[in-house]
Amino acid sequence: MERNPMFTAIVLIKTSSDRIPEVAQEVSDIRGVSEVYSVTGEWDLIALVRVERHEQLADVIADELSKVPGVESTSTNIAFRTYSTHDLDAAFALGIDD
């Protein structure tokens, strides 16, 4: 039996600078958010959202994530297709050895 497809969104998040760790924790606690990364550059956080139904993206992103205190703005990118099955931790790793 074929498994249900997953819908994935990559959400770029700007936060108030004094709440980055708290926003990251609150966002990571939202059902449907699989990972949250603190990053350098224009955005403060990147959240990966994975849901079973397309409609759930609005529930997670617009109704919950964007309303977390300290979230100033978001930019959402919907994934069309996955080209690699590599572990996401490896994809975001900086090459730092333990």
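**View 1. Surroundings of Val11 in the predicted model.** In this predicted model, where local features need pLDDT of at least 70, side-chain atom pairs count only at pLDDT 80 or more, and totals for chains, interfaces and linings use all residues, Val11 is in contact (heavy atoms within 4.5 Å) with Leu45, Ile46, Ala47, Val49, Ile61, Leu65, Thr74, Ser75 and Thr76, leaving aside its neighbours within four places in sequence. Residues are numbered from 1 along each chain as its sequence is written, and side-chain values use heavy atoms, with hydrogens and water left out.

**View 2. The largest nonpolar core.** This core, a set of buried Ala, Val, Leu, Ile, Met, Phe, Trp, Tyr and Cys residues joined through side-chain atoms within 4.5 Å, has 18 residues, and Val11, Ile13, Val27 and Val49 have the most contacts inside it. Buried here means under 20% relative accessible area, with a 1.4 Å probe and protein chains only. Two or more residues each come from β1 (7-15), α1 (20-28), β3 (45-51) and α2 (55-61), these elements being DSSP runs numbered from the N terminus (helices H or I, at least four residues; strands E, at least two). The most is given by β3, with four residues.

**View 3. The open sheet.** Four strands are arranged in the order β2-β3-β1-β4 with antiparallel pairing, where a pair needs at least two bridges found by DSSP. Because β2 (33-38) and β4 (71-78) stand at the edges with a single partner strand each, one side of each is left without a neighbour in the sheet.

**View 4. The pairing of β1 and β4.** These two strands pair in the antiparallel sense over seven bridges, and Val11 has Thr76 in β4 as its bridge partner.

Note on methods:
Buried means under 20% relative accessible area, exposed over 50%, partly exposed in between (1.4 Å probe, protein chains only).
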